[in-house]
Amino acid sequence: MAVVSPDMLLASNRSEMCVQLLDCLKGEVVSKVQLQATPWKICLTDSKTAAVQVGDKKIQMIKVKDKILTQGRELTVSGAIIGLTSSRNSLVVSYGSQPWLEVISMDGKVLHQFDKSGTSKQFKVPFFMCTTPGGSVFISDNGTHTITMVDAQLNILQTFTSPMLEVPCGITAVTGDQILVCSYSNNSLVLLQPSTNTMSTLLGKDDEIAHPYSLTYCPDQRKGYVATSSYTDTIKVYQVS
């Protein structure tokens, strides 16, 4: 999922092989674009453009104009994508086979790589990624049960661990120093504060969080959008104080 505007949400629909634009006030789909393969990870590259993983090695650009979705250019990348975000007018991609990271330009040129040789063992399943307003990238790894912070050149800045992180999945930035993480097996949303290296449970099972999988955040309305499990047909909305 990705927030386009305070009332509009983009979501990849795997079962129908499309990307949908949702009106959050009316609770309805206002536009969709059909794709040739199954969409998965999605991120905004600017206020009117989204990048969507399509199949294993393709990234499809989606244009958003006047509440209408249309397809833009398509990029082919180096491996099987499992994570995707954007940072400083570039795309950051994580790959699952022999896990490694890559920064690519919007025209597909490789700018930076991390651990393509597979020697560092920093990652096992770098599954979801998000970018802070300052350009740092956070990566949730549900193989190592860690969150890793890297800079725009993929230099590792810090790694965060906690018993609260059990199969971390979706991740989103609230501010530069507040990161929300789906702790899938713990049935909770965890708030990470990198500056103090602390974590706290923001929402748990008592809040009807069961296996949170994907999430995004709207700063204008201070709302969090959470999908529980990878094949849910429901998006839960929470006010973040």
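Predicted model: local features only at pLDDT ≥ 70, side-chain atom pairs only at ≥ 80, totals over all residues.
**Ground rules.** I number residues from 1 along each chain as its sequence is written, and I take side-chain values from heavy atoms, with hydrogens and water left out.

**Cysteines.** I looked for disulfides, taking one to be a pair of cysteine sulfur atoms within 2.5 Å, and the structure holds zero of them. For accessibility I call a residue buried under 20% relative accessible area, exposed over 50% and partly exposed in between, with a 1.4 Å probe and protein chains only. On that scale Cys-24 is partly exposed at 29%, whereas Cys-218 is buried at 1%.

**Strand S10.** I take strands as DSSP runs of E with at least two residues, numbered from the N terminus, and S10 covers residues 90-95. How many of its residues are buried? I find six of six, so by the under 20% cut-off the strand is mostly covered. In a regular strand the side chains alternate between the two faces of the sheet. Here Ser-90, Val-92 and Ser-94 point one way, Leu-91, Val-93 and Tyr-95 point the other way, and all are buried.

**Neighbours of S10.** I count two strands as paired if DSSP finds at least two bridges between them. S9, residues 81-87, pairs with S10 in the antiparallel sense over six bridges, and Ser-86 stands opposite Leu-91. The two form a hairpin with two residues between them, and Arg-88 in the turn has a positive phi of about 55 degrees. S10 also runs antiparallel to S11, residues 100-105, and six bridges join them; there I noted Trp-100 as the bridge partner of Tyr-95. This second hairpin has four residues between its strands, with Gln-98 in the turn at a positive phi of about 50 degrees.

**Thr-172.** I located Thr-172 in strand S17, residues 168-175, and its relative accessible area of 9% makes it buried. Counting contact as heavy atoms within 4.5 Å, and leaving out residues up to four places away in sequence, I find that Thr-172 touches Cys-130, Gln-178, Ile-179, Leu-180, Leu-215, Thr-216 and Tyr-217.
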